[in-house]
Structure formats: structure tokens, C-alpha cells
Amino acid sequence: MSVRAAGPSRSDLVADAALSLLAERGMRGLTHRAVDEAAGLPQGSTSNLARTRQALLELAVRRLADREARVLALHAMPDPRSGSDSLADALALATHRALTSNRALTLARYELALEATRRPELRACFDATGARFRDQLAALVTGMGSTDPARHTLSLIAWADGLMFSCVAGSFGAEVPSLAEVRAGLRELLAGMVAD
């Protein structure tokens with residue numbers, strides 16, 4: 001008996017198409033019909049899976065979190081005892097991936113984040129899925145000896161988010177810093193937080 005390789009689930013296919021549409025067309029371009037077309041599915045498939053716009057947005061947010069976890073390589077973050085340079089290296093690589101090979105995914109995240117400011121249910125979903133990375137980063141910073149892990153975690157996330165927004169959707173949209181430049185910025189930031 002031959003076993004066929006499993007492809008993406010219909011849910012993942014729909015969510016991936018939604019994320020692509022958000023990056024390409026923005027929130028106004030995200031419709032159930034457009035998702036069906038982008039995913040190559042029969043008309044009505046997305047509505048059967050996510051009846052409302054809210055359900056479709058939440059599906060996209062959950063898929064975004066799964067895909068970003070792979071981009072950020074949460075499973076490969078360094079042991080806190082390895083020092084701040086190791087954390088800077090890992091975070092720089094993740095941030096650089098978000099700016100380059102995963103630029104569209106980062107753009108879709110900003111579209112969803114802005115929409116979440118107007119939809120409390122989406123905000124709750126967005127924040128809950130984002131907690132996965134935030135909590136892990138807080139544990140790493142704590143393990144490295146931070147005297148104020150909550151504030152330092154916020155500073156790291158704000159720095160990375162600010163850089164990504166500026167280079168993906170902001171005034172530095174035509175520029176992408178090198179991996180070495182991202183690493184240098186993170187090392188400077190971490191040096192003020194923890195002592196190796």
C-alpha cells in the first residue's frame with residue numbers, strides 16, 4: 001500500500017491564502033471569495049470553513065502565529081547560560097528572516113495588528129497567539145540575569161518590531177539592514193540589559 005504525502009490541510013490552505021491577500025491587497029482585499037480564488041478552491045469553501053469575517057481573521061491570526069514560530073525558530077533559541085551574544089545572534093537571524101524571505105508574512109502581521117485595534121475579539125486572539133514568543137523571550141532574558149525581565153522583554157520586542165515596521169512598511173521600506181547590522185543593534189541593546 002502506498003502512502004501519499006499529506007499536503008496542507010484545507011484550513012491551512014485557506015489561512016495561507018488569506019495571509020497572502022493581506023500582504024498583497026490589504027484588509028480591503030480580504031474577502032471569502034478572494035480567498036477561494038487565491039487558494040484554488042471551489043467558491044464557498046472559505047465560507048464553509050470560516051462563516052464570518054471575524055472567523056476568517058482569527059484563522060489567519062492562528063496560522064500567522066504558527067508560521068512566525070517557524071520563522072523565529074522558537075525551538076532553536078539558545079540556552080540563557082550561553083550569554084547575550086548567543087541570544088543576539090538568534091534574534092538577529094529571526095528578525096532578518098522577517099525582513100527578507102518572510103517580508104510578506106510580516107506585512108500581513110501588521111495588517112492584522114491594525115485590524116485588531118478595532119476588533120476586541122481579534123485583539124484577544126492576536127495577543128494570545130503572540131504570547132508564545134513574548135513568554136519565551138521573557139524566560140530567556142530572565143535566565144540571562146535581567147533585573148527587570150518584563151521591561152527588557154518589551155524593549156527587545158519594541159526594538160525588533162520598530163525595525164521591521166520601518167523596513168517593511170515605513171520610511172525605510174527601500175532599505176533592508178544586513179544580518180550583521182541587525183546583530184550589532186541587538187548586541188548594543190542587550191549589553192545594557194544583562195552582564196555576561
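Visitor: How many residues does the largest nonpolar core have?
Guide: Start with the term: a nonpolar core is a set of buried Ala, Val, Leu, Ile, Met, Phe, Trp, Tyr and Cys residues joined through side-chain atoms within 4.5 Å. Buried means under 20% relative accessible area, exposed means over 50%, and partly exposed is in between (1.4 Å probe, protein chains only). Leu19, Leu22, Leu30, Val35, Leu56, Leu112 and Phe126 have the most contacts inside the largest core, and its total is 29 residues.

Visitor: Which helices each supply at least two residues of this core?
Guide: Helices (H or I, at least four residues) and strands (E, at least two) are DSSP runs, numbered from the N terminus. With that in hand, the helices that each bring at least two residues to this core are α1 (10-25), α2 (32-39), α4 (53-72), α6 (103-116) and α7 (120-143).

Visitor: What kind of model am I looking at?
Guide: Residues are numbered from 1 along each chain as its sequence is written, and side-chain values use heavy atoms, with hydrogens and water left out. Local features need pLDDT of at least 70, side-chain atom pairs count only at pLDDT 80 or more, and totals for chains, interfaces and linings use all residues, since this is a predicted model.

Visitor: What does Leu30 touch, leaving out residues up to four places away in sequence?
Guide: Leu30 is one of the residues with the most contacts inside the largest core. Contact means heavy atoms within 4.5 Å. By that rule, Leu30 touches Ala18, Leu21, Leu22, Val35, Arg53, Leu56 and Leu57.

Visitor: How many residues are in the other core?
Guide: That core lies apart from the largest one, and Met77, Ala94, Leu140 and Val194 are among its members. Its count is 27 residues.

Visitor: What share of the residues is buried?
Guide: The protein has 196 residues, and its C-alpha atoms fill a box of roughly 55 × 50 × 30 Å along the principal axes. The buried share is 44%.

Visitor: Which helix gives the largest share of the lining of the largest pocket?
Guide: On a 1 Å grid over the protein atoms alone, a pocket is an open set of points where a 1.4 Å probe fits, with protein on both sides within 12 Å along at least five of seven lines; lining residues have an atom within 4 Å of a point. Helices α4, α5 (84-99), α6, α7 and α8 (149-168) each supply at least two residues of the lining. The largest share, nine residues, comes from α7.

Visitor: Which residues lie nearest the centre of the largest pocket?
Guide: About 670 Å³ of space lies in this pocket, where the volume is the space filled by probe spheres set on the grid points, joined across faces, edges and corners. The lining has 34 residues, and nearest the centre lie Arg109, Gly130, Phe133, Ile157 and Asp161.

Visitor: How many residues of that lining are nonpolar?
Guide: Ala, Val, Leu, Ile, Met, Phe, Trp, Tyr, Cys and Pro count as nonpolar, Asp, Glu, Lys and Arg as charged, and the others, Gly among them, as polar. The lining includes six polar and seven charged residues, and its nonpolar count is 21.

Visitor: Is His96 buried or exposed?
Guide: His96 sits in helix α5. Leaving aside neighbours within four places in sequence, His96 is in contact with Val176, Pro177, Ser178, Leu179 and Val182. Its relative accessible area is 18%, so His96 is buried.

Visitor: Which backbone oxygen does the side chain of His96 reach?
Guide: A polar contact is a pair of N or O atoms within 3.5 Å; within protein, one must be able to donate a hydrogen and the other to accept it, and residues adjacent in sequence count only if both atoms are side-chain atoms. At 3.2 Å, the side chain of His96 reaches the backbone oxygen of Pro177.

Visitor: What is the relative accessibility of Leu91?
Guide: Leu91 is found in helix α5. Neighbours within four places aside, Leu91 is in contact with Met77, Phe133, Leu137, Leu156 and Leu186. Leu91 counts as buried because its relative accessibility is 6%.

Visitor: Which side chain does Glu58 join through a polar contact of 2.7 Å?
Guide: Glu58 is found in helix α4. The 2.7 Å contact joins the side chain of Glu58 to that of Gln54.
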